[in-house]
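User: Hi! Could you walk me through this one?
Analyst: Happy to, here it comes.
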Amino acid sequence: MTQPRQEVLQKLTPVLTKRWLSPDAWQIGVYEQLDGYRAIRKALDVHPDDLIQLIKDSGLRGRGGAGFPTGLKWGFIPQGDGKPHYLVINADEGEPGTCKDLPLMTYDPHSLVEGAIIASYAIRANRAFIYIRGEAVHAARRLRNAVQEAYAKGYLGKNILGSGFDLDLVVHSGAGAYICGEETALLDSLEGFRGQPRLRPPFPAIAGLYASPTVVNNVGTIASVPYIVLGGADWWKSMGTEKSSGPMIYSLSGRVVNPGQYECGLGITLRELIELAGGMQPGHNLKFWTPGGSSTPLLTAEHIDTPMDFEGVAAAGSILGTTAMQIFSDQDCPVYNTWRWLEFYHHESCGKCTPCREGNYWMVRTYRRILAGHGTVKDLDTLQDTADNIFGRSFCGLGDGAATPVVSTLKWFRDDYLGYIEGRTAPRLSEKSLVGAH
Amino acid sequence: MTTVEFSPAAEPLAAKLLEPAREILARYPAGRERSALLPLLHLVQTEEGYVSPNGVAFCAEVLGINKAQVGAVATFYTMYKRRPTGEYLVSVCTNTLCNVLGGQEVYDQLVEHLGVGHDETTADGKITLEHAECLAACDYAPVVTVNYDFTVDQATPESAVELVENLRQGREHTPARGARICSLKEMQYQLAGFADPRDGAVADGVAGAPTLRGVRLAQEHGVAVAGFDPDTPITKTKPLPKDEVATKAEAAGVAANKPASDAKPAGDARPSGGEGAK
Ligand SMILES: Cc1cc2nc3c(=O)[nH]c(=O)nc-3n(C[C@H](O)[C@H](O)[C@H](O)COP(=O)(O)O)c2cc1C
Ligand code: SF4
Ligand code: FES
């Protein structure tokens, strides 16, 4: 393993991950010693509109994948409308590759609770929900404990710290459905229905949970808020780039020596991140990677110096997404990997719209055939055609996400497909998989 | 809900679960009780290990909706099981990244070793096996969970077999990062939104090396973000809402029943101007 160079080490920005080093930071007493619940005192001492302005000034953008400006989103909530407002925190983390929210909630749950209090105060919500992925049981355990502790200390409940502001916070476990990470499907799920996306508009800011104005934000977004309240917008902007401010947790997995979570200013490159992660594993050469989960177009070795911020990745033809960087080498097969992702999208498709429901069904079968050694060149046209018909014609982002690895691997790695078709590559799947047995 | 008459199908579950069901309903705004459906479905699994027709009836009657509505929801979500489950649910991630790092071999080995397939339970009723999609722990790939708690990281066919043998023989197995192992039914109680009743379970599990890699590297090399001053003032352009109310009340000549000075002062000694701390 090679040691990262000093100039690359300097790109680390331990902010949201810093308390993870204290094994007991999940306990309220320890959290308080580490600047915890200091930001709410500051926040409750200013007008909510001034808080929204602060978040706007910081340039904070959503960490859930789309990068929408958070202050702007909060500002969309109509005020004085006489309706209850809600904050819903999206903790459904399920995008393949994404693994930053679970550790945050497990090792520093109070930072999310504190962020939730500040955000709720800013948008004038008296109820907030954390919709946490069902499988994330240890994170939920710690979060529920944190919420209980916060109530006991008067940080939640009625008249928080004498401010006159009331907030109830509920941790609500999902039940195993990736689509519930899509914000409108999440709201339906939270209302006790099947998690299927809603038609937009109206957007959640106008008619969200219980048809009331609602902000939906990712865990990382909300957990960033206390730091901005403490350190200020200028300090926050001292990290990252002009349009993509602040620190970001990059999740590296796959063929690197040291997979893990690396918090750096937005705009670091994959080359630098691989250096921080001790290099590629011996015998592995970078071949393809996801910049932000499997729903973001794959990039290749030639994109290794792309700045990993919203603009930089977009310029390279992909999406920053959740900075979930799955790194694959020349020993991995883009065709096999895409097949496995498609099995996932097929399984997780909610069935509401035809392109995604039917398209994934057929694409999965086409991949199985190719990987079993029975593919034809025409199958590649069929795949391209199907993917093109899913992309942009689906009801929600899941369909687009499913088409994404298909389109990008056909673009970059057509020869890997031809390898199976022309018999140069040994089949990866057995005949059994062709009858749909899975 | 206070006066629900339960049908014979729902009655046995109601006798055991009505109290916690009431607690669950109370978490949601009045009139929005249907939000309790997901936790209620987790709750019925604490008794039955799956969502049985009786469980569906119980949820429907508690919420005053029909069984078809409950059934439509129950069948949508992977974590609601349609058949009785074992004492432990062993899930192997076989999504792409875990898959190519060995997760598929781990799963195949368990299929062979246990003689069951996806979503099937061993004859001794101990283990239900499943392959799972990305479990948000790719930096530990391939991963295996027991009752959803992270139990084996960087799993191999051998370490996975060792795990299931320990579970079957009733030997202790300390999870890699989750809390001490309980039964699947006990876990459902937590999924329904209740605190883990086991003393010390919240404290279990330490962060693994991958989680801490970046932040440790920063610590070892003395890298920190400069210029952080937690007292950096926030620009104030408006009075606090409660002071606003008091001011308006005074202006309108309404005799406020509390003097305005009763409220916490809007600002402390700090200047409310915008000059930065630096
Ligand atoms: C299929 C799909 C799955 C998603 N899953 C998640 C998720 O698990 N967590 C998340 O925060 N956002 C997820 N999103 C994005 C949300 O819809 C939404 O944009 C986000 O929660 C907004 O929060 P932010 O502005 O703080 O990023 C998903 C979107 C789609 C289309
Ligand atoms: S794109 Fe897929 S997941 Fe989204 S609404 Fe359509 S069927 Fe459902
Ligand atoms: S692919 Fe297995 S945890 Fe992400």
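User: Which residues are closest to ligand 1, and how many surround it?
Analyst: 23 residues surround ligand 1, and the closest are Gly62(A), Gly64(A), Gly181(A), Asn218(A) and Gly397(A). A residue counts as near if its C-beta atom, placed from the backbone, lies within 6 Å of the ligand. Note that this is a predicted model: local features need pLDDT of at least 70 and side-chain atom pairs count only at pLDDT 80 or more, while totals for chains, interfaces and linings use all residues. Residues are numbered from 1 along each chain as its sequence is written, with chains lettered from A and ligands numbered from 1 in the order in which they are written.
User: Thanks! What classes of residue make up the shell around ligand 1?
Analyst: That shell has six nonpolar, eleven polar and six charged residues. Here Ala, Val, Leu, Ile, Met, Phe, Trp, Tyr, Cys and Pro are nonpolar, Asp, Glu, Lys and Arg are charged, and the others, Gly among them, are polar.
User: Where does ligand 1 lie relative to the domains?
Analyst: Domain 1 (35-236) and domain 2 (334-435) of chain A both give residues to its shell, so ligand 1 lies between them. The bounds come from an automatic or database domain assignment.
User: How many residues of those two domains are in contact?
Analyst: Nine residues of domain 1 of chain A are in contact with nine residues of domain 2 of chain A, where contact means C-beta atoms, placed from the backbone, within 7 Å. On the domain 1 side of that contact there are six nonpolar, two polar and one charged residues. Taken over C-alpha atoms, the domain centres are separated by 36 Å.
User: Switching over, what surrounds ligand 2?
Analyst: 14 residues do, and the closest are Cys350(A), Cys353(A), Cys356(A), Cys396(A) and Gly399(A). Helices α15 (354-371) and α17 (397-412) of chain A each give two or more residues to the shell; helices are DSSP runs of H or I, at least four residues, and strands are runs of E, at least two, numbered from the N terminus. By class, the ligand 2 shell divides into eight nonpolar, four polar and two charged residues.
User: And one more: is Thr98(A) buried or exposed?
Analyst: Thr98(A) counts as buried because it has 29 C-beta neighbours inside 10 Å. The cut-offs are 20 or more other C-beta atoms within 10 Å for buried, 12 or fewer for exposed, and partly exposed in between. Thr98(A) is found in the loop between β1 (86-91) and α6 (101-107) of chain A.
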